[in-house]
Amino acid sequence: MTVDIRAIRAGRMYRYYLRETVVGDGRRRARTPLREAQEQAGVPAGRWMGRGLTVLGLTSGEEVTEAQLRNLFGERGRHPYAVRIEADLLAKGASPKKAFKAGALGRRVTVTGVEFVLRPQPTIYLLWALGDEKTRRVIEAAHERAIERVLAWIEDEVAVIRYGKDGIYRVRPAGGLVAARFRHYEARSERTLAP
């Protein structure tokens with residue numbers, strides 16, 4: 001399996017992901033709801049995975065919504081349900097400042113996530129393309145399992161949060177990682193990224 005890694009930053013890069021990547025590398029028209037754009041592109045909805053889901057009240061396999069993506073990646077690390085949390089607190093009489101803080105997942109950050117593009121070796125693509133339906137299902141199941149194992153390895157061995165001056169302090173993510181997973185049907189290496 002080949003893995004490409006890229007940091008996701010709030011702002012322009014996040015908007016690129018929301019406009020193109022989550023719709024299977026298609027081009028999402030302005031004001032088109034995320035799920036509608038995914039259906040038009042012929043790609044499935046994104047799904048949540050990772051051990052850290054329970055900390056945020058998410059479930060493995062649950063559909064990734066546009067609001068959740070905006071909160072986590074575009075708003076510099078807010079809770080996926082920040083709007084609901086804030087509304088509940090405001091309804092109970094909390095101050096807007098306290099309600100806003102309750103929707104935060106910690107300090108505001110510039111790097112809001114990391115993209116991992118996991119793809120099989122080219123020979124596996126060929127075997128899938130030329131194989132029968134059973135062969136394709138076996139390859140797809142093996143790929144799904146490999147993705148799960150890579151994420152588990154990252155959670156166990158790699159993931160560290162650095163903070164403080166020059167990142168001198170390091171801690172493991174409490175509860176594990178939260179991953180938004182999107183399936184692509186074309187090779188991302190053939191795409192050209194434009195500013």
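Predicted model: local features only at pLDDT ≥ 70, side-chain atom pairs only at ≥ 80, totals over all residues.
**Exercise 1. Which residues make a nonpolar surface patch of about 420 Å², and which elements supply them?**

Residues are numbered from 1 along each chain as its sequence is written, and side-chain values use heavy atoms, with hydrogens and water left out.

Solution. 
Step 1. Apply the patch criteria: residues with over 30% relative accessible area and no salt bridge, where nonpolar side chains (Val, Leu, Ile, Met, Phe, Trp, Tyr) are joined within 5 Å and like charges within 9 Å. Areas follow the Shrake-Rupley method with a 1.4 Å probe, and for residues only the protein chains shown count as cover.
Step 2. The patch is made by M1, V3, I5, V114 and F116.
Step 3. Strands β1 (2-9) and β3 each give two or more residues to the patch. Helices (H or I, at least four residues) and strands (E, at least two) are DSSP runs, numbered from the N terminus.
Step 4. V3 lies in strand β1 and is partly exposed, at a relative accessible area of 34%. The classes are buried (under 20%), exposed (over 50%) and partly exposed (in between), with a 1.4 Å probe and protein chains only.

**Exercise 2. Describe the nonpolar cores.**

Solution. 
Step 1. A nonpolar core is a set of buried Ala, Val, Leu, Ile, Met, Phe, Trp, Tyr and Cys residues joined through side-chain atoms within 4.5 Å.
Step 2. The largest core has 16 residues, of which V22, W48, L58 and L69 touch the most other members.
Step 3. At least two residues of this core come from each of α1 (12-19), α2 (34-41), α3 (53-56) and α4 (66-74). Helix α4 gives the largest share, three residues.
Step 4. Another core, of five residues, lies apart from it and includes M49, L118, I147 and A179.
Step 5. As a general background, nonpolar side chains tend to be buried together in soluble globular proteins.

**Exercise 3. Which residues are linked to R35 in a network of salt bridges?**

Solution. 
Step 1. A salt bridge places a side-chain nitrogen of Lys or Arg within 4 Å of a carboxyl oxygen of Asp or Glu. The whole structure holds nine.
Step 2. R35 and E39 form one, at 4.0 Å from N to O. These residues are four apart in helix α2, so about one helical turn separates them. R35 is partly exposed, at 30%, whereas E39 is exposed, at 53%.
Step 3. R35 also pairs with E63, the closest N and O atoms being 3.9 Å apart. This pair joins distant parts of the chain, 28 residues apart, with E63 in the loop between α3 and α4.
Step 4. The network therefore comprises R35, E39 and E63, and E63 is partly exposed because its relative accessibility is 30%.

**Exercise 4. Locate the salt bridge between R51 and D156.**

Solution. 
Step 1. The N to O distance is 2.5 Å.
Step 2. R51 is in the loop between β2 and α3, and D156 is in helix α8, 105 residues apart.
Step 3. R51 is partly exposed at 40% relative accessibility, and D156 is likewise partly exposed at 40%.
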